[in-house]
Amino acid sequence: MLSRPALRAIANTTFVTACGVATVLALTALGFILYSLFKQGFGGLDLNIFTKDTPAPGSVGGLRNAIEGSLMMCAMAMAMAVGVGILAGTWLAEYGGAHPYGHVIRFLNDVLLAAPSILVGLFVYELVVRPLHGFSGFAGAVALALLAVPVVTRTTEDILRLQPDALREAGAALGTPRWTTIKEIIWRGAGGGLLTGGLLAFARISGETAPLLFTALSNQFQNLDLTKPMASLPAVIFQYALSAYDDWRRLAWAGALLIALTVLTINILGRVVAARGNHRP
Amino acid sequence: MTRPASKGAWFDPIFEGLCFGAATLLLVALAGVVVSLTIGGWPALSHFGLSFFTSTTWNPVTEVYGAAGPIVGTLVTSALALLIALPVALGVSIFLVEFCPKQLSRPIAVAVELLAGIPSIVYGMWGLFVLAPFFAEHIQLPLMMNAPAGSIWETLFYGVPNGANIFTASLILAIMILPYMAAVFRELFLTVPPQVRESAYGIGCTPLEVITSVVLPYVRGGAIGVVMLGLGRALGETMAVTFIIGNAHGLPKSLFDSGSTLASTIANEFTEATGEMHTAALTALGLVLFVITFGVLAIARLLLLRQRYD
């Protein structure tokens, strides 16, 4: 029979080992995913990806139209989302955050932040696609914007709350109108954090597939007209990965690698910006 | 003597109005989602009534739609995913906060957080091309072959051995929500004041006892919130699941049977819907998904809110 201290030591060692094993297991699984992504996708990454449009099966092609479509829709979505998100976050932090209505908005924003993106796609389908009688790049951008707004709102509120009240009081003491104080002092002081919020939102939407399927649809050809169906990297990857053609699957892997690298880069950039903002005097 | 109004003061109420409008837009967006899903799905809900939720028939040809298959598929895959991911995520976060050497803990935590941001379509592709074939050949087939005839295992392991089934879908979901949950758990554990932890060590507790009797109780509400958030993610996840669940309507008959979830059915069929009723039925699936996830997320937020603004 083991003594009580011995049992405790054994239980503890088992627990510590289990935690370590869990970490190794998780990192291995995730590392393995990245490894296969690089292995399968790297061979497909060549100049054609950026200069040729999506091909018919069996012919040489690239992902130019999909990359352009993704960039256009994401840029437009960010233009819409940054304005709304920063203003909404400012309202929560500077004006109405303590009111009951502020709590409701904050709660709804948190729900939107985690809501299934496919539902946003369905909503935009009913809101934009159906009334305008057709899939369009514009509808895709609206769907992405709806996904980006909660991220920007949340980070804006969090970062503005970190600004010391002394700044606000200093502005008020000079007789500065409140909005000038916010614009010239609070926003400027929080600049790095706001940029991080934007970058995180951009990273979030650049890989989104589900909301684009029934808003922007996809397009086999190059199209820069936002009123027509538009290709996007995630939608093309989805279509090609499920196809039976080897060269289409190769393109899908290359596209997936491209998206993963983009998202990782933006996220790292966001961290660097945030870290630099924190060290400022 | 009157004080001259400062320059630009006239814009103050307008600016506040703009900010207020932007905040209200969030409310409008969420309300819009509910209203549009309800209106869009109403024809199917009123036509099929309660049988929409209980029937397992999903047939676009005869225009009969019942959502029981996708609803059960969604609940089963999410629950399984949570069951797999939760212990591992807890293990990872506890290891990072308590046991890991400081020099290693920071890089691993950053890596885990970065992995949480990888788009789900990447996980889905990996599931389809790497996990499914491996699983079918090395796990599913041997298990099926060696299951004793007539036992529960034979029923449980029955299925087409192509690796696209309920279990692999749950596994992919688990891998997907794992980094997210681990990252939030870690942040939660870091909120435990060092004094509390140190005093527990001071009276001679082992690390295991510190975790179970001090750290976990301290963050209990928040921890349940994190679990709910992970569940919310799993419930609504579309792309990763669509690739690998096999997309069969009807109730899954075993662990290795192909099935469908609410989100995967919508993603697969929406653009190719055959008629008004098909579209309406798919939108109604969206409404069901919304109600389920909204409930889960609401609980999560209420639990986490207490942690955040205390």
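A polar contact is a pair of N or O atoms within 3.5 Å; within protein, one atom must be able to donate a hydrogen and the other to accept it, and residues adjacent in sequence count only if both atoms are side-chain atoms. By this rule, eight residue pairs are in polar contact between chain A and chain B, both residues being at pLDDT 80 or more. Helix α1(A) gives the most to the side of chain A that touches chain B, with 17 residues. Helices (H or I, at least four residues) and strands (E, at least two) are DSSP runs, numbered from the N terminus.

The model is predicted: local features need pLDDT of at least 70 and side-chain atom pairs count only at pLDDT 80 or more, while totals for chains, interfaces and linings use all residues. Residues are numbered from 1 along each chain as its sequence is written, chains are lettered from A and ligands numbered from 1 in the order in which they are written, and side-chain values use heavy atoms, with hydrogens and water left out.

**Interface between chains A and B**

- Contact, meaning heavy atoms within 4.5 Å, links 80 residues of chain A with 81 residues of chain B.
- The two chains bury about 7,300 Å² between them, 80% of it on carbon and sulfur atoms; buried area is the accessible area (1.4 Å probe) that two parts lose on being put together, summed over both.
- Two salt bridges are counted between chain A and chain B, a salt bridge being a side-chain nitrogen of Lys or Arg within 4 Å of a carboxyl oxygen of Asp or Glu.
- One salt bridge joins the side chains of Arg8(A) and Glu209(B), at 2.8 Å from N to O.
- Over all chains, the count comes to 17 salt bridges.
- The Arg8(A) pair crosses between chains, from helix α1 of chain A to Glu209(B) in helix α9 (residues 207-218) of chain B.
- Arg8(A) is partly exposed, because its relative accessible area is 27%, where buried means under 20%, exposed over 50% and partly exposed in between (1.4 Å probe, protein chains only).
- Glu209(B) also counts as partly exposed, at 21% relative accessibility.

**Salt bridges within chain A**

- Side chains of opposite charge can pair when their charged atoms come close.
- Glu184(A) forms a salt bridge with Lys183(A), with the closest N and O atoms 3.0 Å apart.
- Glu184(A) also pairs with Arg188(A) in a salt bridge, where the closest N and O atoms are 3.2 Å apart.
- Arg188(A) and Glu184(A) both lie in helix α8 (residues 178-189) of chain A, four residues apart, about one turn of the helix.
- Another network, made of salt bridges that share partners, joins Glu94(A), Asp165(A) and Arg168(A).
- Relative accessible area is 32% for Glu184(A), so this residue is partly exposed.
- Lys183(A) is partly exposed at 35%, whereas Arg188(A) is exposed at 60%.

**Buried sites**

- Thr90(A), in helix α3 (residues 64-95) of chain A, counts as buried because its relative accessibility is 0%.
- The side chain of Thr90(A) makes a polar contact with the side chain of Trp187(A) at 3.2 Å.
- Leaving aside neighbours within four places in sequence, Thr90(A) is in contact with residues including Leu160(A), Ile182(A), Phe15(B) and Cys19(B).
- Helix α12 (residues 262-269) of chain B is largely enclosed by the rest of the structure, because seven of its eight residues are buried.
- Among the buried residues of α12(B) are Leu262(B), Ile266(B) and Glu269(B).

**A loop residue and a surface patch**

- Phe135(A) is found in the loop between α5 (117-129) and α6 (137-161) of chain A, and is partly exposed with a relative accessible area of 23%.
- Phe135(A) and Leu217(A) are 82 residues apart in sequence and 6.1 Å apart in space, C-alpha to C-alpha.
- Beyond neighbours within four places in sequence, the contacts of Phe135(A) include Tyr125(A), Phe214(A), Pro229(A) and Thr271(B).
- Leu2(A), Leu7(A) and Ile10(A) make a nonpolar surface patch of about 270 Å².
- Patches are made of residues with over 30% relative accessible area and no salt bridge: like charges are joined within 9 Å, nonpolar side chains (Val, Leu, Ile, Met, Phe, Trp, Tyr) within 5 Å.
- Accessible areas come from the Shrake-Rupley method with a 1.4 Å probe; for residues, only the protein chains shown count as cover.
- Ile10(A) lies in helix α1 (residues 4-42) of chain A and counts as partly exposed, at 42% relative accessibility.
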